[in-house]
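Open the model in your viewer and get ready to select residues by number. We will go stop by stop.

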Amino acid sequence: MISAALSDALAKWLDHERALAGAAENTLKAYQTDVLGFLAFMTQHNGEAQGLAPIAKVTVRDMRSWMAHERGRGVGARSLARSLSAVKSFYRWLSEREDFEPTAVLSTRAPKFQRKLPRPLAEDAATAMIETVELQSREPWVAARDSAVVTLLYGCGLRISEALGLTASDAPLPDVLRITGKGGKERIVPVIDVARDAVGTYLQLCPYQIEPDQPLFRAIRGGPLAPRAIQKAMEQSRMQLGLPATATPHAMRHSFATHLLAAGGDLRAIQELLGHASLSTTQAYTAVDAARLMEVYDKAHPKA
């Protein structure tokens, strides 16, 4: 149980994150779940309902107890670090408004974990994926549709939600697209000829009349295309090509970034193309490139 005042404070903090920080709805739901989980633990831990006064008195020992409890119930280091980040953000905001000292919470160290590097496809595998996806349907328009979507993921670095968020008013595709990504962040993405042609072919074959404000990519029965259809086509394709389970729609976007970097692309420019809020996110691709370089070195270097 949490007090009405604390519940109201949580709601206002989420509104703040939505309006000023530009957090996406899925992110806000995760924040809410993480903070409510923390407050539920503190209620049980302290034996009293949590209000503004009790949570202002949380100690370092309380924080250690919460983290130990989370690890004890099987929460991984990465997930716990995310939860702690949400709790810290909430406390930082709340302490400024309620005028209390949040050091016990803010000084809590996140558990260390191994960051997962993106798993891009090799250039020939990415090309083969686009070609093979087109073979998964007997319906020519569906084959063209799936090929067009995957081409946008690899050729323009779009997230699958961004590709499926395009409307008929975006076609024929212009030289550049204005994409609204995570958190409502806008970016400009150049459109390569191959992607423009792929979408054009799909539109020529699509049996449905699409109004300007309707989704560009349609499902078999004419409704908006769901991500699962593309995921399934790629699952079938990767089995035929002998590619690992990491060959997903998002891997095509990773491949776009990694191959641009390998070709000498500027890291800042790639950050803009991907719509990453932080350069540190994009820098993961430098680690990918270095890891691949070391693989080649290990295979080629003459060993004693």
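**Stop 1: two crossing helices.** Select residues 140–156, helix α8, and residues 227–241, helix α11. Their axes come within 10 Å and cross at roughly 90 degrees. The two helices, α8 and α11, are therefore roughly perpendicular to each other. Now show side chains. On α8, pick Arg-145, Asp-146, Val-149 and Val-150; on α11, pick Ala-229, Ile-230, Ala-233 and Met-234. These residues make the contact. Colour them by class: the contact of α8 with α11 has six nonpolar, no polar and two charged residues.

Keep in mind that this is a predicted model.

**Stop 2: the whole protein.** Zoom out. The protein has 15 helices and two strands. It has 304 residues, and 42% of them count as buried. Take the contacts between residues at least 6 apart in sequence: 62% of these join residues at least 24 apart.

**Stop 3: the largest nonpolar core.** Which residues touch the most other members of this core? Select Leu-121, Met-129, Val-150, Leu-152, Tyr-202, Phe-217 and Met-252. The core holds 43 residues. Next, colour the elements that give two or more residues to it: α7, α8, α9 (160–164), β1, α10 (193–205), α11 and α12 (249–262). Helix α8, from the first stop, gives the largest share, ten residues.

**Stop 4: Met-129.** Centre the view on Met-129, in helix α7. Is Met-129 buried or exposed? Its relative accessible area is 0%, so Met-129 is buried. Leave out residues up to four places away in sequence, and Met-129 touches Leu-121, Val-150, Met-234, Ser-237, Arg-238, Leu-241, Leu-243, Ala-247 and Met-252. Now draw a distance line between the C-alpha atoms of Met-129 and Ala-233. They are separated by 9.8 Å, yet these residues are 104 apart along the chain.

**Stop 5: Leu-121.** Move to Leu-121. Not counting residues up to four places away in sequence, Leu-121 touches Ala-126, Met-129, Leu-243, Ala-247, Ala-251, Met-252, Ser-255 and His-259. Another core, of 27 residues, lies apart from the largest one. Among its members are Ala-9, Leu-28, Val-35 and Leu-39.

**Stop 6: a second crossing.** Select helix α1, residues 4–19, and helix α5, residues 77–98. They pack at an angle of about 100 degrees, with their axes 10 Å apart. That makes α1 roughly perpendicular to α5. From α1, the contact uses Leu-6, Ala-9, Leu-10, Lys-12, Trp-13, His-16 and Glu-17. From α5, it uses Ala-86, Ser-89, Phe-90, Trp-93 and Leu-94. The contact of α1 with α5 has eight nonpolar, two polar and two charged residues.

**Stop 7: a loop residue.** Find Thr-108 in the loop between α6 (103–106) and α7 (123–133). Thr-108 has a relative accessible area of 11%. Under 20% counts as buried, so Thr-108 is buried. Set aside neighbours within four places in sequence: Thr-108 is in contact with Met-63, Met-67, Leu-84 and Lys-88.

**Stop 8: the strands.** Finish with β1, residues 176–180, and β2, residues 186–190. How many bridges join β1 and β2? There are five, and the strands pair in the antiparallel sense. Pick Arg-178: its bridge partner in β2 is Ile-188. Then compare the two faces of β1. Leu-177 and Ile-179 form the covered face. Val-176, Arg-178 and Thr-180 form the uncovered one.

Definitions and conventions: Residues are numbered from 1 along each chain as its sequence is written. This is a predicted model: local features need pLDDT of at least 70, side-chain atom pairs count only at pLDDT 80 or more; totals for chains, interfaces and linings use all residues. Side-chain values use heavy atoms; hydrogens and water are left out. Axes are lines fitted to C-alpha atoms, for helices over the stretch in contact, and angles run from 0 to 180 degrees between N-to-C directions. Helices (H or I, at least four residues) and strands (E, at least two) are DSSP runs, numbered from the N terminus. Angles under 35 degrees count as roughly parallel, over 145 as roughly antiparallel, 65 to 115 as roughly perpendicular and the rest as oblique. Contact means heavy atoms within 4.5 Å. Ala, Val, Leu, Ile, Met, Phe, Trp, Tyr, Cys and Pro count as nonpolar, Asp, Glu, Lys and Arg as charged, and the others, Gly among them, as polar. Buried means under 20% relative accessible area, exposed over 50%, partly exposed in between (1.4 Å probe, protein chains only). Two strands pair if DSSP finds at least two bridges between them. A nonpolar core is a set of buried Ala, Val, Leu, Ile, Met, Phe, Trp, Tyr and Cys residues joined through side-chain atoms within 4.5 Å.
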